[in-house]
Amino acid sequence: MEPNVYEDCWQLIKRFERAAKEAENASFELFSQCWLEMQMQHIYSAQTNHIEVIETTMAALHVGKRIACGRKNNGELFDAKRAQRIAGIYLLYAIYNKQPTKHFVKIEVSLRTWATLSSYVEEMRLQTGERRDTQQVSYIFWKLVQENAFLYTALDYCQALDALAAYDSLESIAEKQKIHSASILKQQLKPSQVNLSEDLQGLSDLVSICKPLCQLQEAYNTQMERHRSSFPATHIFSQLHDVFSEVNDMVTGQKKSTKSSGVNDQLETRKNVRHKAMFGEAKAPIALDELDESEQQMPKPVHLHEKRMSSATVFEAKLPDDVIKNLQSE
């Protein structure tokens, strides 16, 4: 989530920089206009708990203090423009007062960060103290100090075992994960004749392995013939052999095997048994010649309640006449 917050905050700062260049001023009103245009007031929307709110606040404050000190998100120095550093201070003020946790999350600053931030504001006051945007930055910074918004720490963020995130290295970690995922996907999509030949060989091996198992199955069924009422016959290995053979023939381009259709027959038998148990009568197959042309074109829709045992299926069939008479007499 933090990388997305980083991106939104950077987009806001870039938009403010372009607007400040056109307007030739970096006022807080201009920053508020950019804030509303990007709908940053919804930055905490759809967050379900306080941990997510705190994570969003800390990530946005990290971007603000890094930009205000002329640094990137990872702490590296870069040639930050005046409007960008001012936008960082405005962002600190907006996020600190916008957070739903009521000033719970403070702006953690180390000695180096505090010295850089305070010296930059003092330098602005000395060089361009007459400008309106400089006066606004001075007031906002003074307001944050008066509200105890800054938390003076040894490091710019918590780096203990219970820390929420390593904010300086989040972007590099996310980039490495993206590159790793892309390389894995590229490797998976790359055709490999070696892997394909190994898979084909594996299918033929499965077919050959099933043959002795089918022989053992036939011997078992023959031996247990006299105890058929207690031990039903098994066809699991013959079914597996048919499936593997069919798949192997389809992949290798050979003719499909038509040894037996025991699997389909057993499935159809099970369907008829379930239908008889639910509705009291077996489901007889209907010939296509008996159907009207309209019925062939418009098949009967299958309702969801027909797939499970419930009152909708139990009482769907017509009740016997004597039961209907008893219900009507009552």
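Mentor: This is a predicted model. Let us start with helix α5, residues 111-127.

Trainee: What span does α5 reach from its first C-alpha to its last?

Mentor: Helix α5 has 17 residues. At 1.5 Å a residue, the expected span is 24 Å. The span in the model is close to that value, at 24 Å.

Trainee: Within what arc do the buried residues of α5 fall, seen down its axis?

Mentor: The buried residues of α5 are T113, L117, Y120, V121 and M124. They line one face of the helix, because the arc that holds them is 90 degrees. On the other side of α5, the exposed residues are L111, L126 and Q127. The arc asked for is therefore 90 degrees.

Trainee: Which elements are included in what covers the buried residues of α5?

Mentor: The cover includes both helices and strands. The strands among them are β1 (107-109) and β2 (150-152). The helices among them are α3 (50-68), α4 (82-98) and α6.

Trainee: Is Q136 buried or exposed?

Mentor: Q136 is found in helix α6, residues 132-146. Its relative accessibility is 15%. Buried means under 20%, so Q136 counts as buried.

Trainee: With which side chain does the side chain of Q136 make a polar contact?

Mentor: Leaving aside neighbours within four places in sequence, Q136 is in contact with S27, F28, E29 and Y90. The polar contact between side chains, at 3.1 Å, joins Q136 to E29.

Notes:
Residues are numbered from 1 along each chain as its sequence is written. This is a predicted model: local features need pLDDT of at least 70, side-chain atom pairs count only at pLDDT 80 or more; totals for chains, interfaces and linings use all residues. Side-chain values use heavy atoms; hydrogens and water are left out. Helices (H or I, at least four residues) and strands (E, at least two) are DSSP runs, numbered from the N terminus. Buried means under 20% relative accessible area, exposed over 50%, partly exposed in between (1.4 Å probe, protein chains only). A polar contact is a pair of N or O atoms within 3.5 Å; within protein, one must be able to donate a hydrogen and the other to accept it, and residues adjacent in sequence count only if both atoms are side-chain atoms. Contact means heavy atoms within 4.5 Å. The expected span of a helix is 1.5 Å times one less than its number of residues. The arc is that of the directions from the helix axis to the C-beta atoms.
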